[in-house]
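Dear colleague,

I am handing over the structure we spoke about, and I would be glad if you could look through it alongside the notes below.

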Amino acid sequence: MWLKPEEILLKNAFKLWVTEKDNEYFVLQRRRGYGEGGGGLTGLLVGTLDTVLDSTSKVAPYRILHHTPDSQVYWTIACGVTKEEIVQHWDWLQQNIMRTLSVFDSSEDITSFVQGKIRGLIAEEGKTSLVLEDDPEKFREALLRFEKWFELPPEEKLVTYYSCSYWKGKVPCQGWLYLSTNFLCFYSYLLGAEVKLIISWDEIWRLEKTSNVLLTESIHVLAHGEDHYFSMLLHLNETFVIMEQLADYTIKRLFDKEAFQREPALSDPLQITKRGLEAHAKSEQFRTFFRLPKEENLLEVHESFLWVPFSHYNTLGKICLSENYLCFASQDGSQCHVIIPMREVVNVEKPESSSRGLTVCVRGKRALRFSEVRDYQRLANAIRSRCGISASPQHSASSEAIRGECQSLINHFEDNPEDVTLMVGQKDSSKAVSTEALMTVFHPQDVENLDPKMLKEKMKEQSWNIHFSEYGRGTSMFFTRKTRDLIVRGVPEALRGELWMLLSGAVNDMATHPGYYTELVEQSLGTSTLATDEIERDLHRSLPEHPAFQSDTGISALRRVLTAYAYRNPKIGYCQAMNILTSVLLLYAKEEEAFWLLVAVCERMLPDYFNRRIIGALVDQAVFEDLIRENLPQLVEHMTDLSFFSSVSLSWFLTLFISVLPIESAVNVVDCFFYDGIKAILQLGLAVLDYNMEALISCHDDAEAVTILNKFFDSVTNKDSPLPPTVQQASLGNNDKASHISVDISELIREAYEKYGNIRSEEVESSRKRNKLYVIQTLEDTTKQNVIRVVSQEVRFNISQLDELYNLFKRQHFLSCYWTMKSPALLHHDPSLAYLEQYQLGFQQFSLLFSLLEPLAFCTSKSTLSLWVFRLIDANQDGLINFKEFCCGLDTLYSGSFTNKLKFLFKLHLPPAFTGSLLHLKEHRIQNFIPVTEDSSHLSKLSAFELPEDGVIRKSPERGRGKVDLQAYLKQWQNEILKKEESIKDLPRINQSQFIQFSKTLYNIFHGDPEEESLYRAVAHVTSLLLRMEEVGRKLQEPSSPPETNKPANTSTAEESSTEEASTTSEGSDTSSSHISQDAVSDLSETEWSFSFEQVLASLLNEPAIVGFFERPVDIQTKLAQARVAQLKLKANK
């Protein structure tokens, strides 16, 4: 490998390097302790020094130096792992450089020429991915060490590396931590003791920063039940963030594919870089904070001051620029932020030529003034280019000009009100779509009503109007601490829909997708899927006590919104709790607005909540448990098992307390949720438990605790709610309620913010990532335990062996997904299926795993025989093998009796496993994971299906797209129940070509065995005996049956196959057996012949050598241990 020329003093290296070759301008050296004469104490000391100092010499112990005769300075220009590699570099220098150097007059010119040439070679090599790294030269050296030490497949992408200590027991090992796309690796070499660690990200259960007495600060990794600690990291926080991102990326890509949205920086696992991960993390944090669509990416960040109107102060913060939004967030504790869509920007002005500021004029007679922007000119040009505004030749700085432009815009919209609708991106909706919030229709406000509740409602509205006048209204409104205080006090009924749209960011989604909802409604109208069936079932269970959902108006609107969303996002489709949430949204928002609010909740604010495994809700429950431990220690002391709170709080998270609180109180919680996200729900949950602390501590069992919480929720009221009793859910005549002190929801929310408002959103997100690993792995472990429990009843492997087999089976699936962007194997994992069907292997995956575990050594035609095994154990002929099918096949080969093993081999040579001539086998479509048979009659049932593009036949349609054929499942279960043990008499007879191939298989199995010769003779004897028995039987039947006039079609095939047998039989086999077989076949070639399994079994039972071979026990434990080590290397060497 060519190296960037670096200056060294040779006199310091005499003790560590030995010169192998030299000439006038170059020296080839070998590291002392390596190569010939290496080892001993010198090798140990030098190896340890190289590892600790991260020297390239550890993996590249050869180097070439450049020097000139009149200089004492040497330059390193190349290194090599092997002597052959470094000699190639040396020869290239001799042939291409040495002749040229003679034309130079001075040493300086010679050195400059050599350095320039080497840099040019490096530049040519590094034109691909290495140019993305901060220091390409050092990264190339680290990549060399990474590839040499860990022997991973060449596709594996190294992301970054760090120096650290790894604690093995109580002894730290100083070495290097390498983080790649799919693996966490560590290497250390100290005085001959080599420590090598490879952990795949999908095996990690815990990843967290910890500290204890020995380790002040370290990173804790839990994998395979073992704890690993990494400390002494110079950039611990940076290292942890990168590890967290890689683990989260792997989880999304391999386990939780329903939530995996491809990002430009992360779509290809072969192109992931440290810089790309950092950019992705910043963009994700940016989108989460400002509630922006997932398409937005953070492009630029500028530190600046923003003038906050009517507060008369400048707040320090950062300007964040994306493709379509200009955002600002304060950093001085004022909690001020503003979001400006580029579509709202009218002009960008620079106030004074001497000041570093700019003013952004937006629609609605608004102007935002930024100051002290370091690169203000670049920012102004970027905003103008994204808004399509051309820079004015004269940058008028006067406020009158800005106000005049804004005022003319306002006047235009006052004269042309229809343009206002176009401005927010709305089209004329379909007549079928409701254009009013249901609360407006079913509970219009009485303006003349002056009761205390209505007066308070009017006061709230007035407070918000004052806020709007000071901080703006609409998409570019300032959000300050005052905004949060108004939210906590409760949003007025008339403004709730508008504020929900604004706070959630749904207003931007709707503005940028005009007419999208109407099109969805029209497209989804009349569709019949599993999702629509579930929606119809739940329509009348959604707030049934509310008048809006006792009429066709509300039910129809709910149906349209849920069906449209199921059509938009079939991976989620429809999940329970979505109906309850959507019902509340429809009360306060127009139908199209409710749809976009649902999109914001399901896809941004509550990620992974609404899918089959409700992973997001389980993760937030784990976060909730952590917060309980931290904030309610008294409760933790009394209830050590906090899983009770997880089960109780599930409905709190899924429905945002709507299912447990009266509707007039629950909407106040939803207000806070749209402002603060999941943090508001966590805070309220803690406040509820804190309020009931004494009662919960004194309760004796879980049932009593549930009763306490239910009574508490029933007692929660909203004393300020202007809704009439017909709408409110609270029952005034409830006797239990009378015995329980009522709690006002506003007071409860205020208390939650006062006590637990210090919980930071960043901490919640970090806790989410940490707990998501554990939740996913717990679900995966539950799947494994259920699968093992079912399979253990069918096979003779013990539980620990099945556990090892399952890990190998699952890992083989992942090895096919690690290094490809669109691997068809990714489709073989479907968490929505039954436990047994969640992980399945295609043929290529199966053949690699089977080659590691097969107890019988198939010496030739391995791929062909593994294909036959694959077809045989693929019970439903869908081109995929599940774990049960895999284990049942292995169990027969490992633990079956002689008869069962022989029956397995016999069936390998019958359809559907073996179907005829071998010539067609070379053409089967293994690349599509579908074994294609030569005679597809036994797979005729598949002809009714059209294979998808990826070549995978699925048992069930995607959720939300089609109905499941329940009759087919019931029939399949019935057949399994009625399935009886297969008798040897049920097996069909084996014909000529099948028997010839069966004989070849036996020869291949016996090859390499210590008793190979006697086994070959036994097979030859059995083959000859069977053929002569068939000949005698045919002659005995000749008088009673007339001879066939037509020559069988298989005659020529039999002759060709028999000839082929003679040529392909192993060299160690007995040549006489082939001769006998050929003679016998030629005698019988004029007629069709076949054997039954009983004949083959009886003949082989007379051969003790063969019986002993098949009854010889095979150590499955050794095979599993070998497979565990070789599985990754097999992929690397493939």
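What follows is a short account of what was found, from the whole chain down to single residues.

Please keep in mind throughout that this is a predicted model. The chain has 1134 residues, of which 53% count as buried, and its secondary structure comprises 43 helices and 24 strands. Among the contacts with a separation of 6 or more, 68% are between residues 24 or more positions apart. The chain exposes about 51,600 Å², and carbon and sulfur atoms supply 52% of that area.

Helix α6, which covers residues 236–255, has 20 residues and spans 27 Å from its first C-alpha to its last, close to the 28 Å expected at 1.5 Å a residue.

Helix α2 runs over residues 83–96 and includes W92. With a relative accessibility of 27%, W92 counts as partly exposed, because the value lies between the 20% below which a residue is buried and the 50% above which a residue is exposed. Once its neighbours within four places in sequence are set aside, W92 is in contact with W2, I97, K117 and L121.

As for the cysteines, C164 counts as buried at 0% relative accessibility, and C817 is buried with a relative accessible area of 0%. With a disulfide taken as a pair of cysteine sulfur atoms within 2.5 Å, the count comes to 0 disulfides.

Notes. Residues numbered from 1 in each chain as written. Predicted model: local features only at pLDDT ≥ 70, side-chain atom pairs only at ≥ 80, totals over all residues. Heavy atoms only, no water. Helix = DSSP H or I, 4+ residues; strand = E, 2+ residues; numbered from the N terminus. Buried < 20%, exposed > 50% of the residue type's maximum accessible area, 1.4 Å probe, protein only. Contact = heavy atoms within 4.5 Å. Expected span 1.5 Å × (residues − 1). Areas by Shrake-Rupley, 256 points an atom, 1.4 Å probe, with all protein chains shown as cover.
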